[in-house]
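Please look over the model shown here.

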Amino acid sequence: MKYGKWIIGLAAVGALAVGAVLQKRHKKEKGALLSANNKLSDNYQLLNHWLEVKNEGKSLAGYFLEMGYSRIAIYGMAELANRLTEDLAGSGVEIVYGIDRDAGCSISRIAEVYSPQEDSLPEVDAVIVTPYYALEAIKKDLSGKVACPVVSIEEVVWSV
């Protein structure tokens with residue numbers, strides 16, 4: 001009888017521990033889903049405004065040229081970088097190179113892509129960050145590697 005109560009007690013403690021672990025895991029997964037949802041929502045708002053800007057006859061190239069950024073690098077070689085590359089085609093703004101943690105990324109439309117781990121990067125007038133939600137960390141990573149402004153695509157789109 002002693003052992004039966006002891007086993008039941010251990011089983012109850014084990015069940016509580018498993019429950020706590022599962023609850024923590026669920027909370028973490030829920031947080032990750034909310035974060036991903038917020039990024040998608042932010043990207044939707046950004047792309048919607050970008051389209052409004054284009055429909056008004058304005059361009060991001062105009063912003064870059066007005067700021068003196070005729071030679072730029074793009075940080076982040078995913079879809080926003082591809083849209084920016086398309087938008088700037090034939091505009092007088094030269095995309096000199098890209099920067100990505102996966103320098104061999106397959107969806108990039110920019111021929112020359114460097115890793116942010118490089119000791120230094122070629123000179124440009126500005127680096128445009130497409131994963132804008134990580135701007136501060138990216139600025140820190142690029143500190144001492146570029147001598148130009150590091151600007152988020154979000155700032156550019158909402159300033160036009």
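The text below starts with the basis of the values and then turns to the sheet.

This is a predicted model, in which local features need pLDDT of at least 70, side-chain atom pairs count only at pLDDT 80 or more, and totals for chains, interfaces and linings use all residues. Residues are numbered from 1 along each chain as its sequence is written, and side-chain values use heavy atoms, with hydrogens and water left out.

**The sheet**

Helices (H or I, at least four residues) and strands (E, at least two) are DSSP runs, numbered from the N terminus. Two strands pair if DSSP finds at least two bridges between them. Five strands form an open sheet in the order E3-E2-E1-E4-E5, with parallel pairing. Strand E3 (113-114) and strand E5 (150-152) are the edges, and each pairs on one side only.

|---|---|---|---|

Buried means under 20% relative accessible area, exposed over 50%, and partly exposed in between (1.4 Å probe, protein chains only).

**The cores**

A nonpolar core is a set of buried Ala, Val, Leu, Ile, Met, Phe, Trp, Tyr and Cys residues joined through side-chain atoms within 4.5 Å. The largest has 24 residues. Those with the most contacts inside it are Leu 60, Phe 64, Ile 72, Leu 84, Ile 128 and Ile 153. H1, helix H2 (60-67), strand E1 (71-75), H3, strand E4 (126-129) and helix H5 (153-159) each supply at least two residues of this core. Apart from it lies another core, of 14 residues, including Ala 73, Val 124, Val 129 and Cys 148.

What does Phe 64 touch, not counting residues up to four places away in sequence? Its partners are Tyr 69, Ile 72, Leu 84, Leu 88, Val 93, Ile 128 and Val 156. Contact here means heavy atoms within 4.5 Å.

**Helix H3**

H3 is mostly covered, with seven of its 10 residues buried. They are Leu 80, Ala 81, Asn 82, Leu 84, Thr 85, Asp 87 and Leu 88. Asp 87 counts as buried because its relative accessibility is 14%. Leaving out residues up to four places away in sequence, Asp 87 touches Trp 50, Lys 54 and Leu 60. Just after H3, Gly 90 takes a positive phi of about 70 degrees.

**The largest pocket**

On a 1 Å grid over the protein atoms alone, a pocket is an open set of points where a 1.4 Å probe fits, with protein on both sides within 12 Å along at least five of seven lines; lining residues have an atom within 4 Å of a point. The largest pocket has a volume of about 450 Å³. A volume is the space filled by probe spheres set on the points, which are joined across faces, edges and corners. Of its 22 lining residues, Gly 76, Ala 78, Arg 101, Pro 131 and Tyr 133 are the closest to the centre. Helix H1 (2-55), helix H3 (79-88) and helix H4 (135-142) each supply at least two residues of the lining. By class, the lining has 13 nonpolar, four polar and five charged residues. Ala, Val, Leu, Ile, Met, Phe, Trp, Tyr, Cys and Pro count as nonpolar, Asp, Glu, Lys and Arg as charged, and the others, Gly among them, as polar.

Leu 121 lies in the loop between E3 and E4. Is Leu 121 buried or exposed? Leu 121 is buried, because its relative accessible area is 9%. Beyond its neighbours within four places in sequence, Leu 121 is in contact with Tyr 97, Ile 99, Tyr 114, Ser 115, Leu 142, Lys 145 and Val 146. The C-alpha atoms of Leu 121 and Leu 142 are separated by 8.9 Å.

Pro 149 sits in the loop between H4 and E5. At 35% relative accessibility, Pro 149 counts as partly exposed. Leaving aside neighbours within four places in sequence, Pro 149 is in contact with Tyr 69, Asp 125, Ala 126 and Val 127. Pro 149 and Val 127 are 22 residues apart in sequence and 6.4 Å apart in space, C-alpha to C-alpha.

Ala 36 belongs to helix H1. Ala 36 is partly exposed, with a relative accessible area of 38%.
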